[in-house]
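Subject: Structure handover

Hello,

Here is the structure I said I would pass on. My notes on it follow below.

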Amino acid sequence: MIKNLCKLCQSDKHKILRDTLRYEIKRKVLQCNNCGFVFLEDKNDSSEYYATTTYRAKYGPDLTKTSNPKEVFDTYYPYQGPIVEKIKHLLKPDTSVLDVGCSAGQFLMAIKDLVGKRVGLELSQDEVDFVRLNHDFSVYNDPIEKVKITEGPFDLVTSFQVLEHTLDPVDFVKNLGRQLKPDGYLYLELPNLHDVLIDCYQVLGYANFYYREPHVSYFTKDTLKLLLDQAGFVGEIKTAQRYNIMNHLHWIMTGKPQDNFNMGNGTPKIVIAENVDASLRSELNDFIEKFDNDYKKIIEKYGVGECLTFIGQLKK
C-alpha cells in the first residue's frame, strides 16, 4: 500500500498542491503539513528510467527532440564557467573530485586543468559510454548506495541537478558524504521551488512546466537545510540565477519555454542584424547585458534564483 510518507519527516499528513505535471501527466504534487516539504505522490519508480533513453526522450537541452550524449555535452559545456567560479577556491592542483550524476562529463572536463583527480558517476549507459570514449577520467555507472569507487575518498563531491530525482534524498546525501575525506566539501545545485517565475511573477505556464515526472522532490532553502541537517552536513545555502532576462520576458509574455537551452543561457542580445550600425548594435547589446547582470544580482539577493546551491562539510 502506498502511504506517501514525507521523505524528510516521515509524516503521512499532506495536502495536494496540484494533480498535473509537465506534458499533462497525471500525478499529484503533495506538501507535507508538518515540515513543508513538497514531493510527488509515490509510484513504482526505478533507476532504469535514467539508465535507458527514456529520460532524454522528453527531458534535455532541446525540447524539440531527443538529445544524444554529444549534444548534451556540446550544449552544457560552454556554460560551466559560473559553476567553476563559484567553487574555484576549492579547486587546487592536488584536489580529487567526484561528480555524481556527471551526465556527459561537462563539469569534469571544465575543471580538467584545475584539479588533480576527476571521477564521475552516471546512471545513463549512453552517457557513460560517451564519457569512456571521449574523455580522460574514470566513470562508474552503479547507484551511489551500491558503487565501489577505488579512487576515493575525495576532497570534493559535486552533484548538479540530481538530488531532486532521488527517491530517498536524505540517504542519497548521506552516501555522498561517505565518499568524502574528513575535511572534504560537498557542493550541490538543484532547482529552487521559490523560483522568481513562480513566486514573484506567478507565471502559470511556467508552473505547469516546472513540475515534472523525473523530479520527485521540490526544495526550498528551509527544506534543503532540514535535509542537510539530517544527512549530517553544515554549510551555506544560496540561490543562483543562470537563465537570462530575455528568457524570463519570454515566459512572462508567452507562458511557454524557449525551444533550447542556449536561448535562455547565452549572453542576451537585442540586436543581431548585421545591417545595423555597428556602434548602435554594440551599445544596445552592452546595455541589455548589463541589465541582465543587474537583474540576476537582484534575484539572487532575494533568494529567488532558479537554483539552490550548497557548499558545506560533514558535521564534526
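I begin with the sheet. Four strands make up an open sheet, ordered S1-S2-S3-S9, with antiparallel pairing. Its edges are strand S1 (14-21) and strand S9 (217-218), each of which pairs on one side only. Between S1 and strand S2 (residues 25-32) the antiparallel pairing runs over 6 bridges. Within that pairing, His14 stands opposite Cys32 in S2. Please keep in mind throughout that this is a predicted model.

Next, the nonpolar cores. The largest one holds 35 residues, and Leu163, Val173, Leu186 and Leu228 have the most contacts inside it. As background, nonpolar side chains in soluble globular proteins tend to be buried together. What does Leu163 touch, once its neighbours within four places in sequence are left aside? Its contacts are Pro169, Phe172, Val173, Leu188, Leu190, Phe219, Leu224 and Leu227.

Then helix H13, which covers residues 278-301. With 24 residues at 1.5 Å a residue, H13 should span 34 Å, and its end C-alpha atoms are 35 Å apart, so the two values agree. Which residues of H13 are buried? They are Arg281, Asn285, Ile288, Asp292, Tyr295, Lys296 and Ile299. The spacing can be read against a general rule: an α-helix has 3.6 residues a turn, so residues three or four places apart point the same way. At the start of H13, the backbone nitrogen of Ser279 has a side-chain oxygen of Asp277 within 3.0 Å. Just after H13, Gly303 adopts a positive phi of about 70°.

On aromatic rings, the count comes to 17 pairs. In one of them, Phe209 and Trp251 are tilted, at 5.3 Å centre to centre with 55° between the planes. Phe209 belongs to helix H9 (residues 204-210) and Trp251 to helix H11, so this pair ties together parts that are 42 residues apart in sequence. Both Phe209 and Trp251 are buried. Another pair, Phe233 and Phe310, is edge-to-face, with 6.4 Å centre to centre and 90° between the planes. This pair also links distant parts of the chain: Phe233 is in strand S10 and Phe310 in strand S11 (residues 307-314), 77 residues apart. Elsewhere in the ring list, Tyr206, Phe209, Tyr210, Tyr211, Tyr218 and Trp251 are linked into a cluster by ring pairs.

Ser124 sits in the loop between strand S5 (117-121) and helix H6 (125-134). Its relative accessible area is 9%, so Ser124 is buried. Along the chain Ser124 and Asn141 are 17 residues apart, and their C-alpha atoms are separated by 7.4 Å.

Regards

Terms used:
Residues numbered from 1 in each chain as written. Predicted model: local features only at pLDDT ≥ 70, side-chain atom pairs only at ≥ 80, totals over all residues. Heavy atoms only, no water. Core = buried A, V, L, I, M, F, W, Y, C linked by side-chain atoms within 4.5 Å. Buried < 20%, exposed > 50% of the residue type's maximum accessible area, 1.4 Å probe, protein only. Contact = heavy atoms within 4.5 Å. Helix = DSSP H or I, 4+ residues; strand = E, 2+ residues; numbered from the N terminus. Expected span 1.5 Å × (residues − 1). Polar contact = N/O pair within 3.5 Å; in protein donor to acceptor, adjacent residues only side chain to side chain. Pairing = 2+ DSSP bridges. Phe/Tyr/Trp six-rings, centres within 6.5 Å; stacked < 30°, edge-to-face > 60°.
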